[in-house]
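Please consult the sequence and the structure shown below while reading.

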Amino acid sequence: MRIVTKILIGIFVLIVGVLIGLFLPYKWNSNTIDEVALFPFDEQAWHKMFDIINSTLLLITLLTAIFKEQILDSIYHAKFEVKKENDYREMVENTDMGWSKASCYEKVMSVQNIGNRPALNCRLILDRVSVKSESDYFATELDIKEAVILPLSTKPSYNQLKPRGSLSFSIFRILPKVINHEDIPERPMLFQIGDNEIEIKHCKTDYMLAFHIEAEDAQSSISNVIVHWNGEWRNRKTEMTSVLSVEHL
């Protein structure tokens, strides 16, 4: 898109150079200047000048008609900036004993539109999820059933990201094990990336996520996040940071 704009600018500069070359009477291989007017406004010169101008305008009009959308997109477009943050958040609940504990650990990515055009229908797309434990020689790529992650919003219209606006996406959540109690069914500890449940390895493991932000008329470059985790749970974030960390490359 920007290449088309540069081509048009180059054509314009070339035409200006041709006009100067036709009507400027300076001889570059001589130390003298011809004793003629700087712009010889005779009838022939006027016809020649208008022919060149008309041809130039026709060419510009033709190129503009062909590359109209590309030219507009290069000037008026949305552009995403993913904030590189290595932190994750803790959701806390109060127990019957009166003390607090984490009910969930969640990594939220913040995305800003630094362009000058609204981005419509924004979503986060998982390009790849792979796992490599300390005993593995190579990373294993996982099959992702649902690659689309929608913004953390209760209103669908909020995923229309205005210039200088921002959206948040939850890329992973870790939920604790639940013990069977009265009407609450037992549940193992869960590790979810988007809507995908990931098998937890109980050893030092790197969970590598590659993703990009996509809209109807724009998309970001690919970002990479690595989750370092040994599969253990801690009841508060102050302790959880010793077994779980996030690295945004």
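## Ser 170 and its surroundings

Beyond residues up to four places away in sequence, Ser 170 touches Glu 106, Lys 107, Val 108, Ile 149 and Leu 152, where contact means heavy atoms within 4.5 Å. The model is predicted, so local features need pLDDT of at least 70 and side-chain atom pairs count only at pLDDT 80 or more, whereas totals for chains, interfaces and linings use all residues. Residues are numbered from 1 along each chain as its sequence is written, and side-chain values use heavy atoms, with hydrogens and water left out.

Ser 170 belongs to strand β7, residues 166-175. Helices (H or I, at least four residues) and strands (E, at least two) are DSSP runs numbered from the N terminus. With a relative accessibility of 11%, Ser 170 counts as buried; buried means under 20% relative accessible area, exposed over 50%, and partly exposed in between (1.4 Å probe, protein chains only). The side chains of Ser 170 and Glu 106 are joined by a polar contact of 2.6 Å. A polar contact is a pair of N or O atoms within 3.5 Å; within protein, one must be able to donate a hydrogen and the other to accept it, and residues adjacent in sequence count only if both atoms are side-chain atoms.

## Salt bridges

Side chains of opposite charge can pair when their charged atoms come close. A salt bridge is a side-chain nitrogen of Lys or Arg within 4 Å of a carboxyl oxygen of Asp or Glu, and by this rule the count comes to 6 salt bridges. The table lists some of them, including one that involves Glu 106, the polar partner of Ser 170.

| Salt bridge | N to O distance |
|---|---|
| Glu 90 and Arg 236 | 2.8 Å |
| Arg 173 and Glu 106 | 3.9 Å |
| Glu 232 and Arg 234 | 2.8 Å |

Glu 232 is partly exposed at 34% relative accessible area, and Arg 234 is partly exposed at 27%. Salt bridges that share partners join Arg 89, Glu 106 and Arg 173 into one network.

The closest N and O atoms of Glu 90 and Arg 236 are 2.8 Å apart. Glu 90 lies in strand β2 (residues 89-94) and Arg 236 in the loop between β11 (223-229) and α4 (237-240), so this pair ties together parts that are 146 residues apart in sequence. Glu 90 has a relative accessible area of 23% and is partly exposed; Arg 236, at 29%, also counts as partly exposed.

In the salt bridge between Arg 173 and Glu 106 the N to O distance is 3.9 Å. Because Arg 173 lies in strand β7 and Glu 106 in strand β3 (residues 100-113), the pair ties together parts that are 67 residues apart in sequence. Arg 173 counts as partly exposed at 28%, whereas Glu 106 counts as buried at 4%.

## Nonpolar core and aromatic pairs

A nonpolar core is a set of buried Ala, Val, Leu, Ile, Met, Phe, Trp, Tyr and Cys residues joined through side-chain atoms within 4.5 Å. The largest one holds 40 residues, of which Phe 80, Phe 191, Tyr 207 and Trp 229 touch the most other members. Strand β7 gives the most to this core, with 5 residues.

Rings of Phe, Tyr and Trp (its six-membered ring) pair if their centres lie within 6.5 Å; planes under 30 degrees apart count as stacked, over 60 as edge-to-face and the rest as tilted. The whole structure holds 5 aromatic pairs. Tyr 88 and Tyr 105 are both buried. The ring centres of Phe 172 and Phe 191 are 5.8 Å apart with their planes at 80°, so this pair is edge-to-face. Phe 172 lies in strand β7 and Phe 191 in strand β8, so the pair ties together parts that are 19 residues apart in sequence. Phe 172 is buried at 0% relative accessibility, and Phe 191 is buried at 0% as well. Ring pairs link Phe 172, Phe 191, Tyr 207 and Trp 229 into a cluster.

## Backbone features

Most residues other than glycine have a negative phi. Asn 121, which is not a glycine, has a positive phi of about 55°. Arg 164, likewise other than glycine, has a positive phi near 70° and counts as exposed at 58% relative accessibility.
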